[in-house]
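Hi,

Here is the structure for you to look over.

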Amino acid sequence: MVDWSAGEYERTAAELEPAARHVVALAALLPGDGVLDLACGTGNAALLAAAAGARVTGLDGARRLIEVAHGRAAAAGVDAKFVVGDALDLPFDDGSFEVVVSVFGVIFAPDPARAVEEILRVLVPGGRALLAVWRPEGPVHEEVGVLARGIAEAGGPSRPPFAWHDPDAVRALPALDGARVDAEDAELTIERSSPEAYFAEGEAYHPMSIAGRPILERAGTYPRLREEALDTLRAGNQDPDGFRITSPYRVLRLTRAG
Ligand SMILES: C[S@@+](CC[C@H](N)C(=O)[O-])C[C@H]1O[C@@H](n2cnc3c(N)ncnc32)[C@H](O)[C@@H]1O
């Protein structure tokens, strides 16, 4: 189980902010729209939506990140509410929001079918959800895959194998109930001084590394898998003088039946 309050997720959130901008732009918000930023982390999308004049609520399971999001909203002078909660049991009435956004957030919920059911429940009829999900391609996908396979082999937790990137898999969920699913592709660029610097930063600060590394250390596989994971980053590096990689993602648009 990943404790998203551990470490310093803020660093990754800063890296993901362009994707939050993309998702909020696609949401085409109108002033006064009720927006839920689901699994909001430090509130990237929530802050952008609030600055666009929406009535925003951010929800996340990690109490520390909710406190960070709250502090960021206060510092930016934008009005947004933040609550600790579970994507699988949203503390909101049916039809509470015109828009739900989730930037690489709800994909971490352990029961995707239930998560989508909850999203559609809290949307008004005709409301829209914009969900940024990773496509299973690129150096970061391969890096994470090396470590995740090692963790599963060591008896640690494995992620639910749901293909969030596949619109047909989402369309097949029973909760869809006539909702329409569209998709748009994009890429996120990540830059650092070197592959080693990028990996070391994740190792020290990312909640997933903090949760997974002790499992691999106990199994005695960490040094080998660390090198293998680093090799995937080196192989994908597009900048011979530093480190630049691109991570492909997709924004799913779910439109609730009217
Ligand atoms: C990769 S972070 C994304 C955070 C944020 N959306 C962003 O753009 O930086 C994943 C987030 O999902 C949250 N999360 C995971 N499972 C959750 C659940 N079942 N309910 C609520 N939040 C959850 C974590 O606490 C974490 O903040």
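**Salt bridges**

Asp231 and Arg234 sit 3 residues apart in helix 9 (residues 222-236), about one turn of the helix. They form a salt bridge, with the closest N and O atoms 2.8 Å apart. Asp231 is partly exposed at 41% relative accessibility. Arg234 is partly exposed too, at 32%. Bear in mind that this is a predicted model.

Helix 6 (residues 167-171) holds another pair, Asp168 and Arg171, 3 residues apart and separated by about one helical turn. Their closest N and O atoms are 2.7 Å apart, in a salt bridge. Asp168 counts as exposed at 51% relative accessibility, while Arg171 is partly exposed at 42%.

Asp94 and Arg121 also form a salt bridge, at 2.9 Å between the closest N and O atoms. This pair links distant parts of the chain, 27 residues apart: Asp94 is in the loop between strand 3 and strand 4 (97-103), Arg121 in helix 4 (residues 112-122). Asp94 is exposed at 57%; Arg121 is partly exposed at 23%.

There is a network as well: salt bridges link Glu8, Arg11, Glu15, Arg192 and Glu201. The count comes to 24 salt bridges.

**Second largest pocket**

The second largest pocket holds about 150 Å³ of space. Strand 2 (55-60) and strand 3 (80-84) each give two or more residues to its lining. Strand 2 has the largest share, 3 residues. By class, the lining has 5 nonpolar, 3 polar and 3 charged residues. Among them are Arg55, Asp79, Lys81, Phe92 and Phe97.

Best wishes

Key. Residues numbered from 1 in each chain as written. Predicted model: local features only at pLDDT ≥ 70, side-chain atom pairs only at ≥ 80, totals over all residues. Heavy atoms only, no water. 1 Å grid on protein atoms, 1.4 Å probe; cavity = no way out; pocket = protein on both sides within 12 Å on 5 of 7 lines; lining within 4 Å. Points joined across faces, edges and corners; volume = space filled by probe spheres on them. Helix = DSSP H or I, 4+ residues; strand = E, 2+ residues; numbered from the N terminus. Nonpolar A, V, L, I, M, F, W, Y, C, P; charged D, E, K, R; others polar. Salt bridge = Lys/Arg side-chain N within 4 Å of Asp/Glu carboxyl O. Buried < 20%, exposed > 50% of the residue type's maximum accessible area, 1.4 Å probe, protein only.
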